[in-house]
Amino acid sequence: MSVITEHSLSPAPCTLKHRINPPQRAPPRRPRSQERRRPHGQEVPDDRAGWLGGAIYGPASFVNWTRRDVAHVARHHWIPCVFAACLLFFMGVEYTLRMVPASSPPFDIGFVATQALHRLLSSSPELNTLLAALNTVFVGMQTTYILWTWVIERRPRATIATLFMFTCRGILGYSTQLPLPQGFLGSGVDFPVGNVSFFLFYSGHVAGSVIASLDMRRMQRWELAWLFDALNVLQMVRLLGTRGHYTIDLAVGIGAGILFDSLAGKYEESKKMSKGGIGNGIPKEALMT
């Protein structure tokens with residue numbers, strides 16, 4: 001006869017544990033023949049999306065757009081919309097335009113817009129010489145300010161940008177030497193002084209002024225920056241009126257000034273991260289005068 005005790009009525013501890021929290025079983029693994037192999041460095045794509053070269057893609061975002069979505073994009077992202085319209089417009093212009101024959105001078109819309117100024121300067125050499133002298137003074141202002149920021153203020157960014165800009169200008173100007181525009185009105189007092197040869201592409205006058213103006217804005221010298229911008233606009237009008245530059249030379253000059261100022265800033269940032277920086281992170285050699 002067996003004796004029933006309290007311990008014989010209670011389940012074993014391990015059995016009770018498994019009843020309350022049953023062990024989690026691992027999900028069945030897909031056979032190796034059905035597994036999709038992953039290229040090195042790429043994620044395994046989801047079966048619900050397409051896969052091309054390791055990239056996951058699905059339907060284009062604009063497929064499900066409503067009229068309200070289109071209106072929202074046009075209202076809050078109108079600048080890209082304007083650029084898209086300009087793209088379509090100039091595609092039509094480009095593909096239907098008659099090409100300029102090789103025997104004809106290049107067409108320049110800036111020359112068309114400044115025909116009256118060109119006739120005035122052609123009939124008045126004294127006025128042309130005066131404007132050339134004033135333009136040379138403005139170039140001297142640019143040069144003085146850029147050197148001042150480096151030598152006196154010990155901020156070499158504008159100087160570095162100018163060196164970058166003129167180096168690239170020399171390479172491009174020599175690589176493609178454009179013909180001198182018809183009706184060019186030179187002057188012995190125009191920079192470079194002495195009626196010497198110069199590169200047409202691109203305008204160093206304009207690019208240097210943009211570099212100086214951007215530095216003035218960084219230093220919150222707003223009045224001086226606006227003055228340089230206004231003088232730069234007058235300079236561009238004069239260069240077109242004297243046929244000293246094509247319109248594309250001036251437009252690329254503006255872009256070059258912005259580009260090389262940005263590159264000079266990145267150069268300074270890279271030096272701040274290096275061990276050779278002193279003070280604000282600019283190398284000592286850059287601050288030596």
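Modeller: Let's begin at Gln220, which sits in the loop between H9 and H10; helices (H or I, at least four residues) and strands (E, at least two) are DSSP runs, numbered from the N terminus. This is a predicted model, in which local features need pLDDT of at least 70, side-chain atom pairs count only at pLDDT 80 or more, and totals for chains, interfaces and linings use all residues.

Biologist: Thanks! Why is Gln220 called exposed?

Modeller: The cut-offs are simple: buried means under 20% relative accessible area, exposed means over 50%, and partly exposed is in between (1.4 Å probe, protein chains only). Gln220 has 57% relative accessibility, so it counts as exposed.

Biologist: Which peptide bond is cis?

Modeller: The one from Phe201 to Tyr202, with omega near -5°. Tyr202 is placed in the loop between H8 and H9.

Biologist: What does Tyr202 touch?

Modeller: Contact means heavy atoms within 4.5 Å. Leaving out residues up to four places away in sequence, Tyr202 touches several residues, among them Met165, Leu172, Val252, Ala256 and Phe260.

Biologist: Which residues touch the most other members of the largest nonpolar core?

Modeller: Tyr202 again, together with Met165, Ile211, Ala212, Met216 and Ala256, in a core of 17 residues. H7, helix H8 (157–175), H9, helix H10 (222–241) and helix H11 (247–273) each supply at least two residues of this core. A second, separate core has nine residues, including Phe111, Val206, Met236 and Leu240.

Biologist: What makes a set of residues a nonpolar core?

Modeller: The set must consist of buried Ala, Val, Leu, Ile, Met, Phe, Trp, Tyr and Cys residues joined through side-chain atoms within 4.5 Å. In soluble globular proteins, nonpolar side chains tend to be buried together. Across this chain of 289 residues, 27% count as buried.

Biologist: Now the helices. Why are H7 and H9 called oblique to each other?

Modeller: Two packed helices are described by the angle between their axes and the distance between the axes. Axes are lines fitted to C-alpha atoms, for helices over the stretch in contact, and angles run from 0 to 180 degrees between N-to-C directions. Angles under 35 degrees count as roughly parallel, over 145 as roughly antiparallel, 65 to 115 as roughly perpendicular and the rest as oblique. The axes of H7 (residues 125–151) and H9 (residues 204–218) cross at roughly 45° and come within 10 Å, and H7 and H9 are therefore oblique.

Biologist: Which residues make that contact?

Modeller: Among them are Phe138, Gln142 and Ile146 of H7 and Gly208, Ile211 and Asp215 of H9.

Biologist: What makes H6 roughly perpendicular to H10?

Modeller: The axes of helix H6 (residues 115–123) and H10 cross at roughly 70° and come within 8 Å, which makes H6 roughly perpendicular to H10. In this pair, Leu117, His118 and Leu121 of H6 meet Val237, Arg238 and Gly241 of H10.

Biologist: Why is H7 called oblique to H10?

Modeller: Here the axes come within 11 Å and cross at roughly 140°, so H7 is oblique to H10. Their contact includes Leu131 and Phe138 of H7, and Leu224 and Phe228 of H10.

Biologist: How do the contact residues of H7 and H10 divide by class?

Modeller: Ala, Val, Leu, Ile, Met, Phe, Trp, Tyr, Cys and Pro count as nonpolar, Asp, Glu, Lys and Arg as charged, and the others, Gly among them, as polar. On that basis the contact of H7 with H10 has 10 nonpolar, four polar and one charged residues.

Methods. Residues are numbered from 1 along each chain as its sequence is written. Side-chain values use heavy atoms; hydrogens and water are left out.
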